[in-house]
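Visitor: Hi, I'm new to this one. Could you put it up and walk me through it?

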Amino acid sequence: MTSPTLRGATRSSTSGPVRVAWALLGAFLLVWVVFEMIKHAGWVIPLGVLGFIAPDLSFFIGASGPHQHGQLPRGTVGPYNLVHRPIGPVLWMTVTALLADGPGDNAAPFTFGLAWLLHIAMDRALGYGLRTADGWQR
């Protein structure tokens, strides 16, 4: 008889140079997000903070399913992968930029998208990537 193999790795196997590139993008985005928050203040600050933490709120969707340490429950994987893809915040920022009537009109939602992309970049730089269908790190 064979016993089921437990997967101990909780971080992705992305190469070092790719993680460094993500870290550099993250540093650039961090400076840009802070700049936008200081420049515009008001609603830009809370939406910037929310944009940074919002992707991890997907952990609460379907979180009660069975799983092991380092594995997401199956019900959480879909929403987690959806909000941890860079195309989401890029599309969000593009749409908010196109819908603005003038400079500064879209600062708060645009900064939300920047902070969301910052979150993704920092996750990738730290080795946290998308998940497989069964919840493990790719």
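**A walk through the model**

Guide: Let's start at one spot: beyond its neighbours within four places in sequence, Thr76 is in contact (heavy atoms within 4.5 Å) with Ser58, Phe59, Ile61, Gly62 and Ala63. This is a predicted model, where local features need pLDDT of at least 70, side-chain atom pairs count only at pLDDT 80 or more, and totals for chains, interfaces and linings use all residues. Residues are numbered from 1 along each chain as its sequence is written, and side-chain values use heavy atoms, with hydrogens and water left out.

Visitor: Where does Thr76 lie, then?

Guide: In helix α3. Helices here are DSSP runs of H or I with at least four residues, strands are E runs of at least two, and both are numbered from the N terminus.

Visitor: And is Thr76 buried or exposed?

Guide: Buried, as its relative accessibility is 0%. Buried means under 20% relative accessible area, exposed means over 50%, and partly exposed is in between, using a 1.4 Å probe and protein chains only.

Visitor: OK, zooming out. How many helices and strands are there?

Guide: Five helices and zero strands. The C-alpha trace spans about 70 × 35 × 20 Å along its principal axes, and buried residues make up 35% of the 138 residues.

Visitor: What does pLDDT look like for the chain?

Guide: pLDDT is the predictor's confidence in each residue, from 0 to 100. The chain averages 88, and 91% of the residues score at least 70. Among the elements, helix α2 (residues 44-53) has the highest mean, 97, while helix α3 (residues 74-83) has the lowest, 92.

Visitor: Where does pLDDT stay under 50?

Guide: Over residues 1-6, where the model has one contact beyond four places in sequence.

Visitor: Back to α2. Which of its residues are buried?

Guide: Val44, Gly48 and Gly51. Looking down the axis of α2, those residues fall within an arc of 65 degrees, so they line one face of the helix. The arc is taken from the directions that run from the helix axis to the C-beta atoms.

Visitor: What do they pack against?

Guide: The buried residues of α2 pack against α1 (16-40) and α5.

Visitor: New topic: how many aromatic pairs are there?

Guide: Five. Rings of Phe, Tyr and Trp (its six-membered ring) pair if their centres lie within 6.5 Å; planes under 30 degrees apart are stacked, over 60 edge-to-face, and the rest tilted. Phe28 and Trp32 have ring centres 5.7 Å apart and planes at 55 degrees, so that pair is tilted.

Visitor: How far apart are Phe28 and Trp32 in helix α1?

Guide: Four residues, which puts about one helical turn between them. Trp32 is partly exposed, at 30% relative accessible area. Ring pairs also link Phe28, Trp32 and Phe110 into a cluster.

Visitor: Where is Phe110, and what does it touch?

Guide: Phe110 is in helix α5 and counts as buried, at 17% relative accessibility. Not counting residues up to four places away in sequence, Phe110 touches Trp32, Met93 and Thr96. Phe110 and Leu47 are 63 residues apart in sequence, with their C-alpha atoms 9.1 Å apart in space.

Visitor: Which ring does Arg124 lie over?

Guide: The ring of Trp22, at 5.7 Å from the ring centre. A charge sits over a ring if NZ of Lys or CZ of Arg is within 6 Å of the ring centre and within 35 degrees of the ring normal. Arg131 lies over the face of Tyr80, at 5.6 Å from the ring centre.
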